[in-house]
Amino acid sequence: MVVPILLNATYEICYLVHKRRSVNFCGIFFDEGKRVKLISNPARSFVLRNLVRALGIILFVLQIASNFDLIPNEDDELAGITGWISLIQDERSWNEKVHILVSLLSPAFLVLTDGYLSVALWRYGTTRAMVVHSSYWNPWFSMLFGTIAFGVGQIFGQKEWYPLSSNLGLLILIISVILVMGEVDKDMEAAAQFTHFLSDVVRASFSQSSTMQMSPSPREIALEEQQPQFGGVGSVAVATDISHGQTASIETFARM
């Protein structure tokens, strides 16, 4: 039952980290942390977003049928305790090996799907992550390594070695997923800190611009200094003309 859980967990990790940074992922386009609806048909968009989730449900049903021997007319003792080598080397017809094939299909689909998802996540961590690494061999590669180890563990055919190799590969895959989740947390924290920094810069720029608008500029101060003030030369001349006119009128009144 671990296979569909791991499949959906890795898909959700990839989906959320690409959506957070608005990076295109698995045929889905993002902009400003939101999904862009480029497909006019809602059914096709639903299929693109839920294809892996539907595959997880199918793998869950296959594992239920294999582990509880629900396959009709087929009850093979080697199902679940042998790998692909034994399935290929078995000389029986494929109708007699259906139970073994069904038990190996779920891990095979997990290897193929997680292989694509881990490569996409590794590419994101190398080229788009906030925490920059010096080379391609960085912690984002761990999930691809775990997927390869899990796939190798499914190859061994001997029933003595298959339980050990498959469980060891599964353990390595789970540890690699945990390591990648730690890198995702670091990347999201760095992105949140950068977002807060940009918001602080924008807030500081707005406050500075409002302060500059309230205070007069040097040009406005120079223009105010050039304008004539009351009590200057022009006002003295006007006052002199007024006093001369008052004196002339007083002399005319005295003569009368």
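1. Where is the place of arginine 123? Arginine 123 sits in helix H4. This is a predicted model, so treat every value below as computed from predicted coordinates. Follow the chain on to tyrosine 136, 13 residues apart from arginine 123. The C-alpha atoms of arginine 123 and tyrosine 136 are separated by 8.5 Å.

2. Serine 103 also has its place in helix H4. Is serine 103 buried or exposed? Serine 103 is buried. Its relative accessible area is 12%, and the cut-off for buried is under 20%. Leaving aside residues up to four places away in sequence, serine 103 touches Ser66, Ala79 and Gly80.

3. Now look at helix H1, residues 2-20. H1 has 19 residues, which at 1.5 Å a residue should span 27 Å. The end C-alpha atoms of H1 are 27 Å apart, so expectation and model agree. Buried residues of H1 include Val3, Pro4, Leu6 and Leu7. Further along H1, Thr10, Tyr11, Ile13, Cys14, Tyr15, Val17 and His18 are buried too.

4. How do H1 and H4 meet? Helix H4 covers residues 98-127. The axes of H1 and H4 come within 10 Å and cross at roughly 20 degrees. That angle makes H1 roughly parallel to H4, because angles under 35 degrees count as such. The crossing of H1 past H4 is left-handed.

5. Which residues of H1 meet H4? On the H1 side they are Val3, Leu6, Leu7, Thr10, Tyr11, Ile13, Cys14, Val17 and His18. On the H4 side they are Ser106, Leu110, Thr113, Asp114, Leu117, Ala120, Leu121 and Tyr124. By type, the contact of H1 with H4 has twelve nonpolar residues, four polar and one charged.

6. Helix H5 runs over residues 142-153. Its twelve residues should span 16 Å at 1.5 Å a residue. The end C-alpha atoms of H5 are 17 Å apart, which agrees.

7. Why is H5 largely enclosed by the rest of the structure? Nine of its twelve residues are buried, so H5 is largely enclosed. The buried residues in H5 are Ser142, Met143, Leu144, Gly146, Thr147, Ala149, Phe150, Gly151 and Gly153.

Technical notes. Residues are numbered from 1 along each chain as its sequence is written. This is a predicted model: local features need pLDDT of at least 70, side-chain atom pairs count only at pLDDT 80 or more; totals for chains, interfaces and linings use all residues. Side-chain values use heavy atoms; hydrogens and water are left out. Helices (H or I, at least four residues) and strands (E, at least two) are DSSP runs, numbered from the N terminus. The expected span of a helix is 1.5 Å times one less than its number of residues. Buried means under 20% relative accessible area, exposed over 50%, partly exposed in between (1.4 Å probe, protein chains only). Axes are lines fitted to C-alpha atoms, for helices over the stretch in contact, and angles run from 0 to 180 degrees between N-to-C directions. Angles under 35 degrees count as roughly parallel, over 145 as roughly antiparallel, 65 to 115 as roughly perpendicular and the rest as oblique. A crossing is left-handed if the near helix is turned anticlockwise from the far one by less than a right angle, and right-handed if clockwise. Contact means heavy atoms within 4.5 Å. Ala, Val, Leu, Ile, Met, Phe, Trp, Tyr, Cys and Pro count as nonpolar, Asp, Glu, Lys and Arg as charged, and the others, Gly among them, as polar.
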